[in-house]
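These are my notes from one sitting with a structure file. I wrote down each thing I looked up, in the order I looked.

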Amino acid sequence: MEGVDILPHERSKTQFDVDAMKIVWAGSRHAFEVSDRMARLVASDPAFQKDNRTRQGRKELFKNTLRKATYAWKRIVELRLTEEEAGRLRFFVDEPAFTDLHWGMFIPAIKGQGTEEQQQKWLPLAYKMQIIGCYAQTELGHGSNVQGLETTATFDPYKDEFIIHSPTLTSSKWWPGGLGKVATHAIVYARLITNGEEHGVHGFIVQLRSLDDHMPLPGITIGDIGMKFGNGAYNTMDNGVLTFDHFRIPRNQMLMRVLQVTREGKCVQSSVPRQLIYGTMVFVRQTIVADASSALSRAVCIATRYSAVRRQFGSQDGVETQVIDYKTQQNRLFPLLASAYAFRFVGEWLKWLYTDVTQRLQANDFSTLPEAHACTAGLKSLTTTATADAIEECRKLCGGHGYLCASGLPELFAVYVPACTYEGDNVVLLLQVARFLVKTASQLGSGKKPTGTTAYLGRVQDLMQCRCEVQTAEDWLKPSVMLEAFEARSARMCVDRAQNLSKFANPEDGFAELSADLVEVAVAHCQLIVVSKLRYMGRFRRGHEAQDLVSSYGTKSMSWIGCGNHEATTNEPNTYTFETISALSISGVWFIEKLQQDIPGNGVKQQLQSLCYIYALNLLHKHLGDFLSTGCITPKQASLANDQLRSLYSQIRPNAIALVDAFNYTDHYLGSVLGRYDGNVYPKLYEEAWKDPLNDSVVPDGYNEYIRPMLKQQLRNARL
């Protein structure tokens, strides 16, 4: 092959305003400017270089991570970055480190579960990094089953202290990031025991290491759990093991915002409702969904650019066909591109959900909490599973070169795949969603009206009888048609599983026996949520004001011109709550209304619409058995859906490179020779190969000991 392919020609075919799409992807002009500035700051600083990460040994790798994390903090302080800017800087450094758990779990736990006095004591130290924290919940023997944790915290009323103890090997804390070698403190979850009585699992602030010499305190055994999957990847993190031998802490280091233990050892419920801590859970899961879109978009960017660069077969006049022009490649790649955008926008909707839930909890309104819990659990499971699978698919889409560490994809997969397990095993979470759906379905006859993302079940009788009206391929571009098909599928599967469960004398026996079927209905419900929320694609972004909208709407007032099929005729703001926003979105109203037409940027709206339909129709194709077996659509209509999907691929094809450019990722952040912005892949791949330590010498170490004796038939004399 003579020379290399580059991407300017691909970009010249773009049919939309890429700069406007960058703002849509970022969420607002402000968010775009902050991200762009921080990304370039990191990329231009040699101290954050990461090209040789996959070639480093564990000790060297970890020490380098300590250096980068400390240097990043130094720059944050020197530049007086805001919390938002600091968060984006750490994001673009792109290296799992102890700081992730300090800022992402330790501090939020104190804020969410600590009293005002505890927050005043501990947060200033944590914000200044004068203490470094981690989150010690998971144990060797228990992960998803938090109530099964074995570590104990027994109150000693004579000394006004808790005795933290690991009574068994399986009670060892296992996996907490930052614990192994760095953290000075931890939020430790243990079974609270006072006066011989257990009171469930609670959190405690525990100092682990001396602030003078960093040695573990007496009564504490602590270390790293060892190498994890992949080169580089999560091996930059010191996931740890921790055991306690009757370790004592003051009583006031139990997180007591919800439950307090008195000097006499009595447990007293505070005025703060226990349900308030679920707000933190919603926040964490919303962050995980946002992370899914980031990881998926990164993999898709690499695969899309390389698919345009790579040419194979179909040579005419000496020019082979770009791999991206093969329909099989488009059929695998473009749904992943659509998924990246879909997860981005459902993540934004979850930001609103977090705001709404928090406001309701503070007002002692717990009515939407079960639905919010099920929704966030399901979306965490759905998006992380899909993203992990998609990263691996992107590696395959890059052929043999995708297997090279230089492609960036093996390390990205190794870093991301734990998301399918932490913060709730994905199958366990889907079973929680299924339990909620079955309960909701069982209450329909009692007159209790489903709300939020389950509102469609309130129309279950209509959905059990409706028939899809698609007659042409273009009919699948009608929002109401698409949404009804997904609603009918989910509703019918839910009713079917509920009926099957009712046949068991013991519901728990039935749940265990039918668990695999119940997981399927949970997946259907979660896919419906994403499809219904795709009408958020770019809808609420209006220049500089958009940055505040996602976090401000919910039970707060929002004013705009035009909503639904009517224009606002007064100056009074429309007030939207959880129920009204969900009802509007699920009904399909927002998909085609004026707000969508207000998306700035030439052609941006059209691209988002195409991506939305690709996402939905590809799901329909992948789960065709569900739609056919429940009678939601006919085989002919399924065939028409595939026809429309192929047509959408053709519409996306000239814009594919520009759509991944809109992610605005620097080459440093992508960390991929195959995904380079300039497309200059082959010379750089060749150059990268020579950096490997094996190429430091022409003749390998070990030649004289092993290879030469074999070649010279002198194995008897070899030192084997």
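**Entry 1: confidence.** What is the mean pLDDT of the protein chain, and what share of its residues reach 70 or more? I am working with a predicted model, so I checked this before anything else. The mean pLDDT is 89, and 90% of the residues reach 70 or more.

Over residues 538–597 the pLDDT stays under 50. The model still has 130 contacts for that stretch beyond four places in sequence. Where pLDDT is low, the predicted coordinates should not be read in detail. I noted the count of 130 contacts for residues 538–597 and left it there.

**Entry 2: the whole chain.** I looked up the secondary structure and found 26 helices and 13 strands in the protein chain. The radius of gyration is 27 Å, and the globule rule gives 27 Å for 720 residues, so the chain is as compact as a globular protein of that length. Along its principal axes, the C-alpha trace spans about 85 × 80 × 55 Å.

Next I looked at burial and surface. Of the 720 residues, 54% count as buried. The chain exposes about 32100 Å², and carbon and sulfur atoms supply 52% of that area.

Among contacts with a separation of 6 or more, 74% are between residues 24 or more positions apart.

Entry 3: I looked up residues 278–438 in UniProt, where an unreviewed entry gives the feature "domain: Acyl-CoA oxidase C-alpha1". In the model this stretch is 73% helix and 0% strand. Its end C-alpha atoms are 22 Å apart.

Entry 4: The unreviewed UniProt entry lists E423 under "active site". Where does E423 lie relative to helix 11 and helix 12? I found E423 in the loop between helix 11 (409–416) and helix 12 (426–442). Its relative accessibility is 34%, so E423 counts as partly exposed. Leaving aside neighbours within four places in sequence, I listed the contacts of E423 as M105, V284, R285, I288, K380 and L429.

**Entry 5: two more residues.** I looked up G452, which is in the loop between helix 12 and helix 13 (460–465). G452 is buried, with a relative accessible area of 2%. G452 and A372 are 80 residues apart along the chain, yet their C-alpha atoms are separated by 8.3 Å.

Then I turned to S35, in helix 3 (residues 29–43). S35 is buried as well, at 16% relative accessible area. Not counting residues up to four places away in sequence, S35 touches R88 and F92.

**Entry 6: cysteines.** How many disulfides are there? A disulfide is a covalent bond between the sulfur atoms of two cysteines. With a cut-off of 2.5 Å between cysteine sulfur atoms, my count came to zero disulfides.

I checked two cysteines to see why. The closest cysteine sulfur to that of C405 is in C398, 14 Å away, so the pair is too far apart for a bond. C405 counts as partly exposed, at 34% relative accessibility. C466 is in no disulfide either, and the nearest cysteine sulfur, that of C632, is 6.8 Å away. C466 is buried, with a relative accessible area of 16%.

Technical notes: Residues numbered from 1 in each chain as written. Predicted model: local features only at pLDDT ≥ 70, side-chain atom pairs only at ≥ 80, totals over all residues. Heavy atoms only, no water. Buried < 20%, exposed > 50% of the residue type's maximum accessible area, 1.4 Å probe, protein only. pLDDT = per-residue confidence, 0-100. Contact = heavy atoms within 4.5 Å. Helix = DSSP H or I, 4+ residues; strand = E, 2+ residues; numbered from the N terminus. Rg over C-alpha atoms; globule rule 2.2 N^0.38 Å. Areas by Shrake-Rupley, 256 points an atom, 1.4 Å probe, with all protein chains shown as cover. UniProt positions renumbered as here; feature names shortened; annotations may be inferred.
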